[in-house]
Amino acid sequence: MDRHDLIWNPWHGCHKYSEGCQNCYAFFLDKRYGRDTNEVLRNKSGFDLPIKKDRAGNYKLPPASNVRVCMASDFFIEEADEWRQEAWDIIRQRPDLMFSLLTKRASRIKDHLPPDWGDGWDNVTFAVSCENQKRLEERMPYLLDVPAKHRWISLKPFIGEVRLDEYISDGGIEWVLAGGENYLGSRPLHYEWVKEVSEACERYNVKFTFGQTGNVFIRDGKETKIRSRTEQAVEALRTGLNVPPVDIEHEVQMIYAEKAAKQAAFRKRSTKAD
Ligand code: SF4
């Protein structure tokens, strides 16, 4: 999973579930557009996005892509029980994609798998979001108990120190992603927490990505406010905490190049609209 991932939202809406949800971006954006996030609705036009094709007959989601599922909801939320089997049927039809099913409701995964799940599908990875030690202890046993080919942990928003060792030491977790919080009222992310996680991942040969610092980053007792998402990603890279290490300057250049390309595309669209 990286910043090029595609997104599929078969349903929209959620309920705040734990302290990591305090500044949920789905609620933030819905408020801006006058939408009630607590109303969980099936996505009318995008429910079957992974099997939609363009006029030339090509899938709209190109083969070999990573697809993040339910970025404005939770794949295992109760209201979606009646639609989930259809979503599984769609996932089954695209073995050439990797679907990342992100959830905080880890206790619901095992009872809501498709009948032919067996020991897991190659094209599905479960991602459980754990914001602090309490939620890590609560959710990880469920994640590790689910039969699955792939699993990863999302420490986003990372709002409290965690001790990962016992959950990643047996090879059941492929990847750990960490990132700070954004939006109004962001809670700070401490460099020492990230370093501890990075060192644990290194010990057990687990891939670790420090994706972004969030709005408020504390290092060596000094608090820095970083508003730009681009600069948050650059600052995170420059800590050198990714496992395995990456070519930092190359990655930084890529981030700026992507930002410039997006801005150019936006300007082009705006000019056309005038
Ligand atoms: S589970 Fe995720 S989508 Fe739902 S309220 Fe919490 S942060 Fe938002």
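Two strands pair if DSSP finds at least two bridges between them. Helices (H or I, at least four residues) and strands (E, at least two) are DSSP runs, numbered from the N terminus. What you see in these views is a predicted model, in which local features need pLDDT of at least 70, side-chain atom pairs count only at pLDDT 80 or more, and totals for chains, interfaces and linings use all residues. Residue numbers start from 1 along each chain as its sequence is written.

View 1. Contacts are residue pairs whose C-beta atoms, placed from the backbone, lie within 7 Å. Among contacts between residues at least 6 apart in sequence, 73% join residues at least 24 apart.

**View 2. Strand E8 and its two parallel partners, E7 and E10.** Take a moment with strand E8 (residues 175-179): five of its five residues are buried, so the strand is largely enclosed by the rest of the structure. Trp 175, Leu 177 and Gly 179 point one way, while Val 176 and Ala 178 point the other way. Strand E7 (residues 150-155) runs parallel to E8 and is joined to it by four bridges, with Ser 154 standing opposite Leu 177. Strand E10 (residues 207-212) also pairs with E8 in the parallel sense, over five bridges, and here Gln 212 of E10 faces Gly 179.

**View 3. The largest nonpolar core, with 57 residues.** A nonpolar core is a set of buried Ala, Val, Leu, Ile, Met, Phe, Trp, Tyr and Cys residues joined through C-beta atoms within 7 Å. The members with the most contacts inside this one are Val 69, Leu 101, Leu 155, Val 176, Ala 178, Val 197 and Cys 201. Helix H5 (residues 191-203) supplies the largest share, five residues. Leaving aside residues up to four places away in sequence, Cys 201 touches Ile 168, Val 176, Val 206, Phe 208 and Val 243.

**View 4. The residues around the ligand.** Look here for Cys 14, Lys 16, Tyr 17, Gly 20, Cys 21, Cys 24, Ala 26, Ser 73, Asp 74 and Lys 104. A residue qualifies if its C-beta atom, placed from the backbone, lies within 6 Å of the molecule. By class, the shell has five nonpolar, two polar and three charged residues. For this tally, Ala, Val, Leu, Ile, Met, Phe, Trp, Tyr, Cys and Pro are nonpolar, Asp, Glu, Lys and Arg are charged, and the others, Gly among them, are polar.

**View 5. Two cis peptide bonds, at Pro 157 and Pro 244.** Between Lys 156 and Pro 157 the peptide bond is cis, with omega near -10°; Pro 157 sits in the loop between E7 and helix H4 (165-168). The bond joining Val 243 and Pro 244 is cis as well, with omega about -10°. Pro 244 belongs to the loop between helix H6 (229-238) and helix H7 (248-273).

**View 6. Positive phi in Cys 70 and Asn 205.** As a reminder, most residues other than glycine have a negative phi, and most peptide bonds are trans. Cys 70 has phi near 65° and lies in the loop between strand E4 (66-69) and helix H2 (81-92). Asn 205, in the loop between H5 and E10, has phi of about 60°.

**View 7. The open three-strand sheet E9-E11-E12.** The pairing in this sheet is mixed. Strand E9 (189-190) and strand E12 (222-225) are the edges, each pairing on one side only. Strand E11 (residues 216-219) runs antiparallel to E12, joined by four bridges, and Ile 218 stands opposite Glu 223.

Note on methods:
Buried ≥ 20, exposed ≤ 12 C-beta atoms within 10 Å, placed from the backbone. Contact = placed C-beta atoms within 7 Å.
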